[in-house]
Amino acid sequence: MLVQIWQALTNRTCSETEMPSTKRIQFTATIKAPAGVVWRHVTDPESYRRWASAFAEGSCFEGSWAPGAKIRFLAPSGDGMVSEIAESRTHEFLSIRHLGLIANGVEDTTSEAVRAWAPAYENYTFLPTTEGTTMVVDQDVSAEWEDYITEAWPKALGILKALSESSAVAGGLA
């Protein structure tokens, strides 16, 4: 299921590369915490597990959030997505380039099914505001997954908001 979800979560950076069966969707959350706190909760392994549970319980990542680094987004089964960090401007912007799927422990970046959508992008923008941070998520999604993603992202952002705001109050994870 996580593989299908991550396929649905893909985002193209240019309109001419968008798959005709997808549309761009955007989600935003105003979080009463500095961008550094929000960023930390997006990229921290334990915090990631908590907010990404809105998509699939037990989700995790392996790898680094550094520009050019390989990163794998995994379900407890080990299936998921193989990706790389296309761009990372700490506390400002994070772009994930999804390159393929992982199924039964095998990475697939070359099959016809993967080439039909890869590379695909998922972008997070962290905008400072007087209240703290507005986080913007931009992604493309296929019609078959639009309802699910439209329901899951607000939940994920709600968890991220709660984590970030409680840390900001406590003075942690700056």
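**A loop residue and an aromatic pair**

Modeller: His-91 is placed in the loop between strand 4 (80–89) and strand 5 (93–103). Strands (E, at least two residues) and helices (H or I, at least four) are DSSP runs numbered from the N terminus. This is a predicted model, in which local features need pLDDT of at least 70, side-chain atom pairs count only at pLDDT 80 or more, and totals for chains, interfaces and linings use all residues. Residues are numbered from 1 along each chain as its sequence is written, and side-chain values use heavy atoms, with hydrogens and water left out.

Biologist: Is His-91 buried, partly exposed or exposed?

Modeller: Buried means under 20% relative accessible area, exposed over 50%, and partly exposed in between (1.4 Å probe, protein chains only). The relative accessible area of His-91 is 34%, so this residue is partly exposed.

Biologist: Are the rings of Tyr-48 and Phe-73 stacked, edge-to-face or tilted?

Modeller: Rings of Phe, Tyr and Trp (its six-membered ring) pair if their centres lie within 6.5 Å; planes under 30 degrees apart count as stacked, over 60 as edge-to-face and the rest as tilted. A search of the whole structure finds 12 aromatic pairs. The rings of Tyr-48 and Phe-73 have centres 6.1 Å apart and planes at 40 degrees, so the pair is tilted.

Biologist: How many residues apart are Tyr-48 and Phe-73?

Modeller: Tyr-48 is buried at 2% relative accessible area, and Phe-73 is buried at 1%. Tyr-48 belongs to helix 3 (residues 45–52) and Phe-73 to strand 3 (residues 70–74), so the pair links distant parts of the chain, 25 residues apart.
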